[in-house]
Structure formats: C-alpha cells, structure tokens
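These are my notebook entries on one structure. I set down what I looked up and what I found.

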Amino acid sequence: MSRYILSRLVLAVVMALLATLVIFLLANTVPGDPVLAQLGDLAASNKEFVAEWRAKWGLDLPLWQRYVIFLQQLLHGDLGISISSQRPVLQDIRDFAPATLELASIAFLLSLVVGIPLGIMAAMRRDSWIDHLARLISLIGVSSPTFWLAFIMLALFYGGLQIAPGPGRIDAIALPPTSVTGLYLIDSALGGDWDTFRDAAAHLVLPSIVLAAATLGLITRTTRASMLESMQQDYVRVARAKGIRERRIVIGHILPNALIPVVTLGGLAYANLLTGAVLTETIFSWPGLGRYTFRSAVTLDFPAIMGITLIVAVVYLFINLLIDISYALLDPRVVR
Amino acid sequence: MADTRSRLSSVRTPATTGTAVLDVRDLRTQFFTDAGIVRAVDGVTFSVAAGETLGIVGESGSGKSVTALSLMRLLDEPARIVGGEVRFQGRDVLAMNPDELRALRGDGVAMVFQDPMTSLNPVLRIARQLVETMRAHGRFSDEQATARAISLLGRMGITAPERAINSYPHQFSGGMRQRVMLAMGFSNEPALLIADEPTTALDVTIQAQILDLIVELNRDFGAAIILISHALGVIANVCRRVIVMYAGEVVEEGPTEQVLADPRHPYTWALINAVPRIDRHLPGTRRLTTIEGAPPDPLGIPSGCRFAPRCPFRIAKCDEHPALLDLAPGRKARCWVTQSGEPLPPPMAAQTATAVSTAVPKPSETAIAEPLLKVRGLVKHFPLPRDGLFGPKKVVRAVGGVDLDVIEGETVGVVGESGCGKSTFARLVVRIHEPTAGSIRFAGQEIADASAAVIRPLRRRMQMVFQDPYASLNPRMTVGDILSEPIRFHGLTESARETAERVEELLAAVGLNPKMAIRYPHEFSGGQRQRISIARALALKPEFIIADEPISSLDVNIQAQIINLLIDLQERFRLTYLFIAHDLAVVRHISDRIAVFYLGKVMEIAPAEDLFKASLHPYTRYLISAVPIPDADAERSRARLPLAGEPPSAIDPPSGCCFRTRCPIAKPICAEVTPPLAMLRSDHLAACHFPGQF
Ligand SMILES: Nc1ncnc2c1ncn2[C@@H]1O[C@H](COP(=O)(O)OP(=O)(O)OP(=O)(O)O)[C@@H](O)[C@H]1O
Ligand code: SF4
Ligand code: SF4
Ligand SMILES: [Mg+2]
C-alpha cells in the first residue's frame with residue numbers, strides 16, 4: 001500500500017516537471033507579441049523603446065536560458081512579475097484563489113450531496129417519477145450553457161423575485177471579514193461575525209448553483225449508471241439468495257462497488273470546477289482565478305498565464321493523486 | 001468453539017424420512033420480452049426427498065437455471081412465474097411475502113452459482129460475506145459466526161482458514177472461491193442446497209475435488225442437493241436421481257444409473273451417445289452418434305413433441321404433444337414411442353455409418369519421415385507489469401521448454417488444466433506470439449525466428465481454429481466475405497466467379513447450405529459459427545490445422561457434430577491436426593497421440609490408448625481419474641485418486657520437477673533435478689524420475 005502511494009507520488013512529481021516544460025514552451029511559442037499587446041500602438045511604434053522593454057523582461061534571451069531561469073525562479077516560489085498588474089504573480093494568485101476555492105468547493109459539495117443520492121434513487125426506482133426527475137436534472141445541468149443558466153437565475157431570483165442578492169462576494173457597501181484564510185464563510189465564522197456570514201452565504205447561492213449544474217448532471221448520471229451496473233452483478237443475486245435485507249444489499253454490496261467510478265469522476269470534476277469557472281465568475285463579478293485568467297489572457301500577460309497554468313497543472317496532479325489513493329482504499333484489487 | 005464444532009457436524013434429521021423437502025408442480029416461468037413471450041420453464045414437476053441428491057441435466061437454454069432461480073423466486077423482470085406450485089417443507093413459496101421469502105433464502109434453501117469469479121463481492125472481505133449470511137438469519141452472534149466461518153472454511157478444504165478469512169476474493173483461485181461459496185451455502189445448515197453448474201467454470205481436477213466435497217457434505221450435513229449440470233458425468237458422480245430437461249420441459253426422470261444405462265427418451269439417448277467415454281474401447285470408427293440440428297427457437301416452440309424436428313425415432317403421432325408418463329416404477333418419460341413400449345437401441349450400438357473409410361496413415365507407418373512439425377525447447381515468457389515503479393521485474397513462464405513432434409496425417413491432442421500453456425503453445429506454433437527461445441520446424445523450415453516474409457507462404461499451409469466462434473468472426477462481414485477474404489488475399493482464384501464457387505464448396509464441405517453465404521455471423525448458432533470458422537481455416541487448402549478448444553463453448557450434441565466434421569475433413573483432405581482441449585474424453589477420442597501439459601511443460605506423450613491404459617506420469621494418472629464418467633456403476637466401482645491442491649503459479653514455478661508440490665511420490669531428487677522427457681517405451685515419453693511407480 002505505502003509502496004503504491006510512493007510510486008504514485010513519484011509519478012506525480014515527474015508529471016509536474018514535464019508540465020513546467022510544456023507550459024513554458026506553449027507560453028513562448030504562442031503567436032502574438034506580448035510586448036506589442038502591452039505597450040499600446042504609440043509606444044509599440046518606437047523601436048528603441050520596444051527593445052528596452054524586451055530586455056527588461058528577459059524576452060530577448062534564447063529559449064532554453066529562459067526555461068532555466070523560469071525553473072530557478074519556480075524553486076524560489078517566484079512565478080515572475082505580472083506584466084499588467086506589476087505585482088508578483090504568486091501574490092496575485094494568492095489574492096484571487098480563495099474566492100474561487102470557496103465557490104468551487106460549495107458547488108462541488110452541492111453536486112455531491114444532491115447528485116449521488118439522486119442517482120442512487122433513480123437507479124433503484126427505475127422509470128419512476130424520481131428517475132425521470134433525475135434524468136431531467138442531469139439533462140438540464142449538462143446541456144444548458146452557463147451564461148444562459150446564469151442569466152435565467154439572475155433574472156428570476158435577483159431581478160424578478162428579489163430573493164437573492166446580486167453579483168459579488170458580499171454586498172458592495174459591506175466590509176469583507178478579517179482575512180485569515182480568504183474564505184469569507186470561514187473567516188466570518190471565525191470572527192463570530194454572523195451578519196457577514198449570512199451575507200456571504202447568500203451571495204454564494206446563485207453562482208454555486210450555476211457552477212454546479214454541469215457537474216451535478218454528470219454525477220447524477222454516472223451514479224445512476226454505475227448503480228444499475230452493480231445491481232446486475234452476480235454477487236447481488238448471491239446476496240439476495242443468502243437472505244440479506246434489501247437495504248443492506250444496497251448499502252453493503254451495491255454502493256461500495258458503484259461508487260468507485262463516481263470517485264474518479266468527482267475528483268476530476270472538482271479540479272474542473274477549481275480551474276474552469278471563468279464564465280460564472282465573470283457574470284457574477286466574482287473576484288476569482290477565472291477572472292484573473294481571463295484578464296491575463298486578453299492582455300497576453302505571459303508570466304501570469306504561465307503561473308496560472310502551472311497552478312492548474314499542480315491542482316490536477318494533486319487531485320489525481322488523491323483519486324488514485326482513494327481508489328486503492330475503495331477497491332482491494334488495485335493494490336496487490 | 002466446541003459448540004460450533006458440534007453444530008457443524010450435526011446432521012439435521014429430516015422431520016419424517018422420505019417426505020419431500022421440495023415439491024414442484026407444473027411450474028411455469030416466462031420472459032416477457034419485446035420479441036414475444038419466452039416460455040423458459042413450461043410445466044415442470046418434480047420433488048426432492050429429504051437428504052436426496054437430484055440432478056437436472058439438459059443443454060444450454062433448456063431452462064435449468066431458470067428453474068433453479070424460480071424455486072427461490074430470484075428472477076427479475078421481465079421474467080415472471082406465471083403458474084404452478086413450489087412447496088418447501090410443505091410451505092407455499094410462491095405465496096410467501098417478501099419477509100418470509102427472505103427468511104427462507106440462505107436459511108432453509110441455499111444456492112451456489114456457476115461462476116465463482118463473479119459470485120463474491122470483489123470489494124468485501126471473505127469474512128464479512130460469510131458472517132453476514134449467518135447474521136442475516138439471527139442464528140449466531142458475531143463471534144460465533146466468525147468462529148463458525150473459520151471452521152466451515154477449514155471443512156471446505158481451505159488451508160489456514162484463520163488467515164484466508166481476511167482475504168479478498170481476488171486473492172483466491174476459482175476453486176477456492178467455489179469452496180467459499182459452499183461454506184456460505186452450508187453456513188445456516190440448509191435443508192436443501194441448489195447448485196447451478198458449480199464446477200463448469202473449473203478445471204477437471206478441481207471439479208473432482210468440489211464434486212467429492214459436495215457428496216461428503218450431503219452425507220455429513222444431510223442436506224438435500226439439486227445439482228444442475230449439462231454434463232452427464234458430473235450428475236452420475238453425485239446424484240441418485242436425475243431429471244432431463246429439453247426446451248423448458250422435463251422429458252425424462254428416473255434413478256441415474258437406470259436412465260444412463262437404459263434411456264427412455266430419444267433426447268437422453270442422444271445426449272448419452274454424443275459424449276465419448278474414457279472407459280470405453282475406441283470403436284472402429286471415431287465418428288460419434290449425433291442428432292442433427294439444434295434446440296428449437298424459444299419463441300417458436302413446435303406444437304407437437306418439442307424434440308420431433310431432431311428425433312431419429314419420430315412417428316406420425318409425434319405431431320401431438322406427449323405427456324410425462326410413468327413407464328416403470330420411478331421412471332417417467334415424455335415420448336410416444338417409449339410409452340408404447342418400443343425400446344430405444346442400446347447406447348453406443350448405433351453408429352450413423354456415413355463415415356468415409358479411407359485409412360488414415362498411422363504414425364508408425366510414417367514415423368521414419370521428418371515430422372511435419374518439430375518443436376524443440378520452445379519457451380515463451382510474458383513480462384508482467386511491474387508492481388509499482390520500483391517493483392521487481394517478473395515474467396510469466398507460460399511455456400517452459402516444450403519438445404513435440406507432429407507427423408503428417410496424425411492428430412496430436414494436447415491436454416492440461418487452464419493456465420498450463422496450451423493456448424500459448426498453439427499461438428507460438430502459428431507465430432501469433434513471438435517465441436522467447438527454442439526451435440519450431442514446420443515442413444522442414446525453421447520458423448521460430450523467421451521473418452514475416454518467410455512465414456507468409458507457410459501460413460497458408462497451417463491454419464488455426466479458435467475456441468470462441470463468436471469473437472473470431474467479424475460481425476460486419478457476410479459469411480461469403482469472411483471466406484473469400486483469405487482466398488483473394490493470397491490470390492488463389494482467377495476470377496470473382498471462381499472465388500464464389502470456392503466459397504460454396506467450402507460451405508458444403510462443413511455441412512452448411514451454400515446459399516447461406518449472404519448471411520451475417522449473428523444469424524448462425526454457436527455450432528454453425530464454429531463450422532464457418534473451420535471453413536475459413538480450410539479456405540487456403542492447408543495441410544495442418546491447429547484447433548484451440550474448438551468445441552469447448554458448445555453443447556454436447558453440437559460438440560459431437562463438430563468432432564465428426566473434423567474427422568470427416570481429415571479423411572477427405574488428409575489434414576494433420578494439433579487438437580487442444582481440456583476435455584480428456586474428447587481428446588482421447590479424436591487423437592492418435594496425446595501430450596499432457598503441466599505448468600508450461602510436457603509431462604507425458606503417448607499414443608491415446610496407451611496413455612489411458614498405462615500412463616507413466618503421476619499427473620496423467622490423476623488427470624484421467626478426475627474425468628467424470630457418465631455411468632453410475634462405473635463411477636462407483638472406480639477408485640478415485642484425489643489430487644490435492646492447485647497448480648502453482650507460473651511466475652515462480654517449483655524447482656526440479658514442476659509437479660513435485662502435488663506429487664504423492666516426490667523424493668528429494670525431484671526438487672533438485674528436472675526430469676527429462678525420456679522415451680520409456682516405444683513411442684511413449686514421460687518426464688518423471690519414477691515413471692509408472694505410482
Ligand atoms: N433475461 C432473459 N430474457 C429472455 N429470455 C431469457 C432470459 N434468460 C433466459 N432466457 C431464456 O430462458 C430459457 C432457459 O434459459 P436457462 O438459462 O434456464 O437455460 P439453462 O438450461 O440454464 O442453460 P445453460 O446450460 O446455458 O445455463 C432460454 O430459452 C433462454 O433464452
Ligand atoms: S415423441 Fe416422437 S418425436 Fe418426440 S421424442 Fe418421442 S419419438 Fe421422438
Ligand atoms: S519427478 Fe518426482 S515429483 Fe515429478 S512426477 Fe516424478 S516422482 Fe513426482
Ligand atoms: Mg444455466
């Protein structure tokens with residue numbers, strides 16, 4: 001077991017190294033001159049000024065030298081200086097990450113808590129109303145475009161019924177809680193500031209539903225399918241032939257097998273939520289990584305793009321590691 | 001513990017001896033499919049007395065499993081029990097509510113299923129799966145149940161049960177898992193155990209172990225047993241009484257020995273004749289007595305006697321549906337002819353005398369010539385994926401140095417248990433696999449390390465037929481295309497017309513209607529598909545055919561048809577066969593010489609008759625003794641050699657003689673010196689330091 005984990009860990013580190021290379025190469029071979037994008041038309045027409053700017057940011061060195069420098073800086077936790085914000089990229093990311101972490105985690109929990117039971121019940125009462133409901137929910141979740149869903153939600157609950165707050169993490173006039181973790185729910189709870197807690201929670205409702213929709217649909221669908229498959233297995237018939245109660249069969253025999261694929265899907269979905277909330281964050285003015293990514297991309301802010309991509313890669317590798325480990329815990333056949 | 005022990009061996013005395021534990025009357029189970037209603041079980045009546053052993057035999061699809069599942073109401077939609085009565089110890093099972101049913105299952109009646117690999121939940125420990133069975137019926141506390149689980153596992157022949165109980169199913173072999181299933185079945189001391197093909201997925205020596213265990217358990221626990229099998233030999237081994245099913249009906253019932261010696265239904269008669277037996281002299285001709293055709297389409301069952309379309313004894317009256325009637329005390333049959341008092345010809349006497357009798361050149365006549373295939377020191381290792389990044393590099397020694405000759409015109413059979421390297425050997429010979437070492441000479445040419453260009457012309461001359469006729473035919477091609485593809489690829493014909501003629505010729509040769517060339521594989525039955533595979537192998541007019549378990553997935557009657565076909569084709573086209581199978585009786589029947597494989601090595605090679613009469617290697621003796629014979633008397637009078645244990649892993653085979661871990665006469669030298677395969681009598685080779693001493 002520990003050998004299995006160790007080998008996965010080593011694999012993850014190797015992958016991370018590879019990722020730095022790929023990221024670096026991608027960022028440096030993409031068409032579009034970052035200097036021109038940064039300087040604006042007037043300054044860009046000035047040859048001397050452009051050369052000076054290039055030298056300042058190290059853009060005139062050969063590719064491999066730039067990669068070595070990039071790696072050295074990485075080892076010191078230095079992701080470079082963002083061209084547009086003029087601040088260390090790591091610091092930018094540190095500022096933007098908590099908002100995303102909070103939103104993505106709530107959305108993830110939502111899709112698990114709703115999706116898994118819904119999928120289980122749909123499979124157990126096949127073709128009943130609950131199965132149809134589950135199918136409808138997953139269809140809507142998977143197929144409706146984010147901006148459309150966000151628009152409907154905002155129009156209905158914020159504009160129309162006025163029961164949900166508008167965009168942002170808290171009310172525009174309110175002060176954010178004292179920063180400990182950067183997660184508003186936790187920070188306000190730690191400070192005992194329940195008004196802010198409620199405010200932050202209310203602001204999370206609409207964006208997390210919008211963000212969760214697709215994941216929820218996928219998890220419901222996968223849980224249902226994998227339950228149905230496990231229910232067909234011989235060992236279920238054997239359990240029934242042994243006189244085990246139906247409830248025990250579901251909980252003790254079917255679920256442990258059915259949840260194995262859901263774990264993989266869930267892990268990857270979480271990674272997706274953490275890194276792919278651009279649209280939702282933009283619509284809900286959510287000051288998260290998605291918006292930072294978007295901004296960096298349109299300004300061709302290469303250090304920032306590299307930093308974000310690296311963080312994304314690390315998040316994926318880490319979650320993959322967690323998936324592998326939980327796989328080994330759930331399925332004794334994985335580790336010999 | 002003492003308490004558990006005594007419970008374990010206590011015999012539950014039947015309330016009144018001779019009364020039925022189970023009484024089934026006119027049971028009808030149907031599948032309501034989109035295509036129509038399948039009457040899978042159609043009016044089945046039988047009863048089982050306390051402590052009795054009843055066999056149910058019949059070919060695939062005859063309704064054996066559906067009957068068994070109906071008894072415990074374990075079927076799901078679209079299956080429904082639409083009529084009849086099932087009484088267990090007098091109680092009406094079909095009228096039970098879900099709670100009563102649950103209390104019955106696993107307690108009064110237990111069941112063991114065919115596939116031990118899928119019957120245990122892969123993510124739960126053995127302990128949990130055993131204990132929950134006992135806990136579910138509230139007979140034992142947690143500790144008692146665990147203690148009892150351990151002693152049951154020990155009773156079922158699992159070594160170190162205290163350790164085994166904490167394992168997961170994948171850590172066990174198929175035979176061990178079936179032992180666990182039996183422990184589970186007996187954990188609540190049921191009055192009836194239903195075993196649906198419990199040994200079909202197992203090797204013959206393991207099958208013998210499990211069948212012996214079932215007989216013992218029946219004796220010690222006093223539970224009645226219903227044993228379902230397609231193999232008469234298995235039933236003869238265990239059951240005092242047998243019922244024969246055909247197309248959802250019982251067609252015959254009676255004491256096993258009487259039914260086997262003197263069948264009263266033509267279907268039973270055909271079943272008995274279709275299986276070659278190892279205790280009979282080989283008849284002059286090797287053709288088996290078969291009946292043509294296949295069981296009726298479950299959606300279009302004939303209205304008269306259901307067996308009529310295949311029955312060689314059919315009379316005019318057979319257009320009416322016969323009833324199951326008493327013919328003699330304890331004997332019933334559903335046949336107009338036997339009910340009118342006509343006897344059926346004695347088994348094995350009737351031979352369909354269509355055999356062409358051109359004498360096959362016997363090995364002795366041609367032995368001087370260079371063999372068609374000459375294999376020396378053939379080795380194949382498969383690398384295993386490493387255990388993690390740092391695990392040691394391991395290999396499976398699938399074939400570990402094989403010497404074998406095949407002489408032109410003869411049939412060499414290869415037998416051995418699963419995993420002994422039979423299939424790998426076949427694939428090496430046709431160079432589907434790359435040999436690790438050794439030499440393969442085919443028609444005088446070395447092909448072990450020859451390039452593809454050298455092999456291609458030889459490929460034409462040697463062809464392979466695979467086990468699974470479903471997987472080996474491309475479902476998107478018509479049969480005509482499948483057969484003409486190799487002909488066109490090798491440019492054997494001049495024109496499309498000639499190709500078409502050749503395809504028709506091939507289909508006719510394997511006994512199929514040439515008009516079927518336009519059909520797709522899925523429109524054929526298993527037996528017909530195997531005929532198509534054989535036709536494809538013949539398309540290039542080969543001299544040498546390697547058949548890897550060509551009949552294992554087929555029913556006995558269809559098996560017999562294919563064996564006959566292979567024999568006819570051999571005579572007609574002067575073919576040489578390498579015939580691989582795990583069924584010893586079949587291999588003995590068809591082969592001139594037989595090679596016995598164990599753990600990737602040849603243990604013994606001898607002429608068929610010689611091998612069975614005077615085997616020299618201990619393993620061969622065991623293997624032969626494990627084959628069930630479909631004759632109750634023969635089964636009883638024959639001393640059975642129980643081979644303990646299971647083959648060791650091919651990753652780490654024993655030193656010296658690889659059989660020594662299970663050999664009862666192993667001496668110290670066996671661990672140190674590998675016995676060579678030596679000629680001990682004329683044409684009879686064995687690899688043992690003490691040949692014939694067992
Ligand atoms: N799920 C199903 N849907 C429709 N028909 C079915 C289904 N399962 C079984 N049948 C049909 O019921 C009939 C009896 O099948 P059953 O499995 O009892 O045969 P069997 O004698 O046990 O065969 P085998 O030797 O292959 O195990 C067959 O005609 C089969 O096609
Ligand atoms: S009733 Fe007729 S067709 Fe049916 S088995 Fe008897 S002889 Fe054959
Ligand atoms: S060589 Fe020894 S161990 Fe091997 S079969 Fe012969 S007697 Fe048994
Ligand atoms: Mg069956």
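**Entry 1: ligand 2**

Which residues are around ligand 2? I looked this up in the model, which is a predicted one. I found H265(B), P266(B), C305(B), F307(B), A308(B), C311(B), F313(B), C318(B), C335(B), W336(B) and V337(B) around ligand 2.

The volume of the largest cavity is about 80 Å³. What sits in the largest cavity? I found ligand 3 there. The lining of the largest cavity consists of 13 residues, and C657(B), C663(B), A666(B), C670(B) and C688(B) lie nearest its centre. I recorded the make-up of this lining as 10 nonpolar, 2 polar and 1 charged.

**Entry 2: ligand 1**

I counted the surroundings of ligand 1 as well, and 14 residues surround it. The closest are S60(B), G61(B), K64(B), S65(B) and V66(B). A polar atom in the side chain of S60(B) lies 2.6 Å from an oxygen atom of ligand 1. For S65(B), a side-chain N or O atom is 2.6 Å from an oxygen atom of the ligand. With V66(B) the contact comes from the backbone, where an N or O atom lies 2.8 Å from an oxygen atom of ligand 1.

**Entry 3: backbone angles in chain B**

I kept one general point in mind for this entry: most residues other than glycine have a negative phi, and most peptide bonds are trans.

Where does P78(B) lie? I placed P78(B) in the loop between α2 (64–71) and β4 (79–88) of chain B. The peptide bond that leads from E77(B) to P78(B) is cis, and its omega is near 5 degrees.

I then looked up residues with a positive phi. R574(B) is not a glycine, yet its phi is positive, near 50 degrees. R574(B) belongs to the loop between α20 (556–573) and β20 (576–580) of chain B. Is R574(B) buried or exposed? Its relative accessible area is 59%, which is over the 50% cut-off, so R574(B) counts as exposed.

L599(B) is likewise not a glycine and has a positive phi, of about 55 degrees. I found L599(B) in the loop between β21 (593–598) and β22 (601–607) of chain B. The relative accessibility of L599(B) is 9%, under the 20% cut-off, and therefore L599(B) counts as buried.

**Entry 4: helix α15 of chain B**

Why is helix α15 (residues 422–429) of chain B largely enclosed by the rest of the structure? I counted its buried residues: 6 of the 8 residues are buried, so the helix is largely enclosed. The buried residues are K422(B), T424(B), F425(B), A426(B), L428(B) and V429(B). R431(B) follows α15(B) and has a positive phi, near 60 degrees.

**Entry 5: chain A**

How many helices and strands does chain A have? I noted 14 helices and 0 strands. The C-alpha atoms of chain A fill a box of roughly 85 × 55 × 40 Å along the principal axes. Of the 336 residues in chain A, 43% are buried.

I looked up two residues in its helices. S188(A) lies in helix α8 (residues 184–190) of chain A. S188(A) has a relative accessible area of 1%, under the 20% cut-off, so it counts as buried. The side chain of S188(A) reaches the backbone oxygen of Y184(A) at 2.8 Å. In an α-helix there are 3.6 residues a turn, so residues three or four places apart point the same way.

L322(A) is found in helix α14 (residues 302–330) of chain A. The relative accessibility of L322(A) is 44%, and it counts as partly exposed. I compared L322(A) with L9(A): they are 313 residues apart in sequence, and their C-alpha atoms are 9.9 Å apart in space.

Methods
Residues numbered from 1 in each chain as written. Chains lettered and ligands numbered in written order. Predicted model: local features only at pLDDT ≥ 70, side-chain atom pairs only at ≥ 80, totals over all residues. Heavy atoms only, no water. Helix = DSSP H or I, 4+ residues; strand = E, 2+ residues; numbered from the N terminus. Buried < 20%, exposed > 50% of the residue type's maximum accessible area, 1.4 Å probe, protein only. 1 Å grid on protein atoms, 1.4 Å probe; cavity = no way out; pocket = protein on both sides within 12 Å on 5 of 7 lines; lining within 4 Å. Sits in = over half its atoms within 2 Å of the grid points. Points joined across faces, edges and corners; volume = space filled by probe spheres on them. Nonpolar A, V, L, I, M, F, W, Y, C, P; charged D, E, K, R; others polar. Near = heavy atom within 4 Å. Polar contact = N/O pair within 3.5 Å; in protein donor to acceptor, adjacent residues only side chain to side chain.
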